[in-house]
Amino acid sequence: MQSTDTAASSAETSSSKSAAYPTFVFKRRQLLKTLNLTIEEYEHLETGAVHYHLASDNPENVFLVALRTVPMDSTGVAHILEHTALCGSRKFPVRDPFFMMIRRSLNTFMNAFTSSDWTAYPFASQNRKDFNNLLEVYLDAVFFSSLNELDFAQEGHRIEFAEPNNPDSALEYKGIVFNEMKGAMSAPTSRIWQQLCHHLFPSTTYHYNSGGEPSDIPDLTYDQLKAFYKTHYHPSNAIFMTFGDIPACEHQEKFETLALGEFSKLDVHIAVGDEERIESPIRVTESYALDEEDTGNKSHVVLAWLLGKSTDLADMMEAQLLTGVLLDNSASPLLHALETSSLGKSPSPLCGLEDSHREMSFMCGIEGCNENATEDVEKLILDTLETLASEGVPQELVEAALHSMELSQREISGDSYPYGLQLILAALSTATHRGDPIELLDIDPVLETLKKEIQDPAYIPRLIRHYLLDNSHRVTLTVNPDPGLSSREAAEESEKLSAIKKELDNEEIRFIVERAANLKARQEEKDDPSILPKVTLADVPGDISWPDSSTHEIPLSDNTGKARFFAQGTNGISYQHTIIDMPRLDNEEIHLLPYYTSCVPELGMGSKSYLEVQSLQASISGGVSVQSSMRSNISDEQSLQSFLIYSSKSLNENKSKVSNLLRNTIFECRFDEHQRIKELMQQISARKEQSITHQGHSLAIGLACRKLSPIAAMSYQSSGMAGIKQLKQLVTDFQNKETLAEFAQGFAKLHERFLECNKQFLLIGEEKEAVDFLEGIKSAWSSDHKATSGSERFALPGTRESVQEAWVINSQVNFCGMAFPSVTAGHKDSPALTVLGGFLRNGFLHRAIREQGGAYGGGASQDSGTATFRFYSYRDPRLGDTLEDYKRSIDWLLESDHDYAALEEAILGVISSLDKPSSPAGTARQAFYNELFGRTREHRSALRQNILNVSLDDLKRVTERYLAGKESSVGVISNKSQTDELENLGLEIHQL
């Protein structure tokens, strides 16, 4: 591979040098055919900063600057610095340029990340003017940050009196990152991961929590923050990465004139060192907070190995292949052993390969164990690996794992993060550790090597012995639930604050009071936004884009189905969906539906067991997905449309096989594998419970909206707090075999209902594949012998009521939701309400909820699907004050004077969201399903234009009509310590 790079470089050096800006030197260039782009490497002559440019004809340009950040404690210095650096800079001395630019931009992505060993500042935009505006602000923020001490107090931590002007009141810790990490570390999975790293990495930066441990964050001083910035936020320690159709030299000119020209090389080498290797495996025991009386069978046992360096591509690819063979799906032998073991409820969510650290690690384990299960779990895992190393692994499993790697490499994603940013982030860790990101992105040569290597039956057994069995750097971690841990930690924090207060002298008391007053004054300052660059509505594209498609008839047994084909540049991958009309279901069937969709693709079909089906799926596809999709009528939230969707993706050569796979999954799915269903339901229950603290704001909103529309009611019952509690009980009831058998029979009856319903097809692929694609669908469905019926379409009972409820969970922070009935997407007031959400967030809620209240996030939004207008907060230290701030924002909107600039910013935010590009396949999917649910191009275009036409008078009118003085619905996710306040708020309290 190195020779290929060298040849490419030598062949193109002369032409490429002229493309570099004079202060940069061209190093090399490589065409990556699989990704359809060219990657170029440059170095800044004066500082040594590196620049990797991924040249593509994609108009969504991406920028990222990363700094190697290697903290050696858990004070969260890198994380707090990431926040504070975005609070004003030399050229833009406003208090909040980052969030102000979000409102003044057409960005498709803006954020900042703190990883365990790097901090990155990325953004993306399709508009050149907007891109350059953001670049100017980002470069100034990173390299010329103001680092105001009050911003450090706001973003990081501070002590403040509960009543800021009253020194007799109790002291409290405050700070956005402090509360963010309290929320993050409330999740058992996050705590267990940090504990595992603490023992697996005894001497390097991964030993510590880069985000910050809540108990350690208050130890960070302002001077330490500034010292860390001085050494780490320097171009000599920086990595610049760009993607898109703007040439590298244009970027480099901006880098030079806006930042790099003012720096000389800094003689500092920041890097993660080699970890000290453990000479023999160790066992350790830790605990996590669980505020429940019954702590039986709730322990976690995880084994972890430290592997080789992530900068060694051969090592990384072997480790990824081995992980795939062992853990890819339920047919993978190690995952199968973990799933079917009676030692616990399900495989640990930590199972897998961590390959972003300088040295990789492999983890596997079980959750829901007895606290004495450590030796048995360890033996199960080691015995399974020994058997595989001695007897070998079936060749089809190895080839399926390699197929999955190739499919992942080819796919053009971009439905969550921009595609270019995903490529950059994939390469960033290697660049951070001074490896070769070009080599990392060009994995085709390595895949070819692996295809040859796996022909040797002893290859995988050798990897198992090399990486795992003969590797002494192994940690077995047992984590037991502790029902008293939360209260002890709260008491320790309270005692620490009391001790601090006891030692305060008059000067220190005056400082705390004055700092609180100064911070409040700073938060309420009205900055001059005109010093920041901006785009205006004049820069907004005139109309939306919509992909072309063709409609074809697919003969079925007794009627004709429709197939829509979208010709998209999918880089050799085909996507297909079979869409089935949802019939009317009774209450029991509705209750089963979300579990059915999760389990069906994991079960056997025909004569094949679920293990054989899993192996088949992995060998020809990216897996099978089943989901129900429901949306309200465009003009009535009480009526809805619903479909059941079977979908998959594959390399082009396998698309006909996948058509047959989907067809057989639908007509031959079997429901007699009762133990398998039990295992799947246990896994689903565990994952839902683990996700609570990460999606607390969504759960709070869902709770507040649960009786305001039929779809919201169903969502709450299936995936809201009530659904999670019911699922826990259901899984417990499966100890009774008759209950489990009845549940499986319910699946079978529900499945039969779908076989008789009308079907249609969505096909996405390259134009040249269209004929073969359609012929494959026709061939697969020529044997459809199930007659369709004109069954009544799916419906749900109407509901439009408010609730006042709270759920108590294991969390150190709160999530507060409030909702008001509003309108559907087809109503004339929908555009104004959509803009109102951003207007309230920008003008009032961000300051009140985040800056002053200390929550990690908060805002408001219109949901036309459920016809509700919602307020929310995320990882919030407050309860009643936050709910009151929601109401105050309504008064602020109606009673204050507002200027057009604020309205324009809110409109830009909505348009940016509407115009956000997707992947080629995602663009087609969105268009198809929007049309399927009545959101046609004409509707979307009219909505967009009406949003552009919203006025300040419109905002006040819809606020008066739907919010002011109207009854609200409240949903809160909190913890036991807040019970008194929850009761004072008049909320009905439930316990998970």
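Guide: Let's settle one term before we start: a residue is called buried when its relative accessible area is under 20%, exposed when over 50%, and partly exposed in between. Keep in mind, too, that this is a predicted model.

The spot I'd pick is Ile-424, which sits in helix α14. Its relative accessibility is 0%, so Ile-424 counts as buried. What does Ile-424 touch, once its neighbours within four places in sequence are left aside? The partners are Val-62, Leu-64, Met-241, Thr-242 and Phe-243.

Strand β4 covers residues 61–68 and strand β10 covers 238–244, and both pack against the buried residues of helix α9. So do β1 (24–32), β2 (37–44), β3 (50–55) and helix α4 (128–143). Helix α9 itself runs over residues 248–258, with Ala-248, His-251, Gln-252, Phe-255, Glu-256 and Leu-258 buried. As a reminder about helices, there are 3.6 residues to each turn of an α-helix, so residues three or four places apart point the same way.

Go back to α14 and step off its end. Helix α14 spans 419–432, and the loop between it and α15 (437–441) holds Arg-434. Phi of Arg-434 is near 60°, a positive value in a residue other than glycine. With a relative accessibility of 38%, Arg-434 counts as partly exposed. Compare Ala-867, in the loop between β25 (857–863) and β26 (868–874). Phi of Ala-867 is positive too, near 55°, but at 0% relative accessibility Ala-867 counts as buried.

Leaving out residues up to four places away in sequence, Glu-378 touches Arg-283, Leu-303, Arg-474 and Thr-476. Ile-366 is twelve residues from Glu-378 in sequence, with a C-alpha to C-alpha separation of 9.8 Å.

Time to zoom out to the nonpolar cores. The largest has 75 residues, and Leu-321, Leu-326 and Ile-460 make the most contacts inside it. Helix α10 (residues 313–327) supplies the largest share of this core, nine residues. Beyond four places in sequence, Leu-321 touches Val-398, Ala-401, Leu-402, Met-405, Leu-450, Ile-454, Tyr-459 and Ile-460. A separate core of 65 residues includes Phe-152, Phe-161, Tyr-229 and Val-513.

Finally, the whole chain. There are 35 helices and 28 strands, and 59% of the 992 residues count as buried. A compact globule of 992 residues would have a radius of gyration near 30 Å, and the 28 Å of this chain agrees with that. Along its principal axes, the C-alpha trace spans about 80 × 70 × 65 Å. Among contacts with a separation of 6 or more, 81% join residues 24 or more positions apart. The chain exposes about 37,700 Å², with carbon and sulfur atoms supplying 46% of it. As for charge, there are 92 positive and 142 negative side chains, and the centres of the two sets lie 3 Å apart.

Notes: Residues are numbered from 1 along each chain as its sequence is written. Side-chain values use heavy atoms; hydrogens and water are left out. A nonpolar core is a set of buried Ala, Val, Leu, Ile, Met, Phe, Trp, Tyr and Cys residues joined through side-chain atoms within 4.5 Å. Buried means under 20% relative accessible area, exposed over 50%, partly exposed in between (1.4 Å probe, protein chains only). Helices (H or I, at least four residues) and strands (E, at least two) are DSSP runs, numbered from the N terminus. Contact means heavy atoms within 4.5 Å. The radius of gyration is taken over C-alpha atoms; the globule rule is 2.2 Å times the number of residues to the power 0.38. Accessible areas come from the Shrake-Rupley method with a 1.4 Å probe; for residues, only the protein chains shown count as cover. Lys and Arg count as positive and Asp and Glu as negative; His and the chain ends are not counted. The place of a charge is taken as NZ of Lys, CZ of Arg, CG of Asp or CD of Glu.
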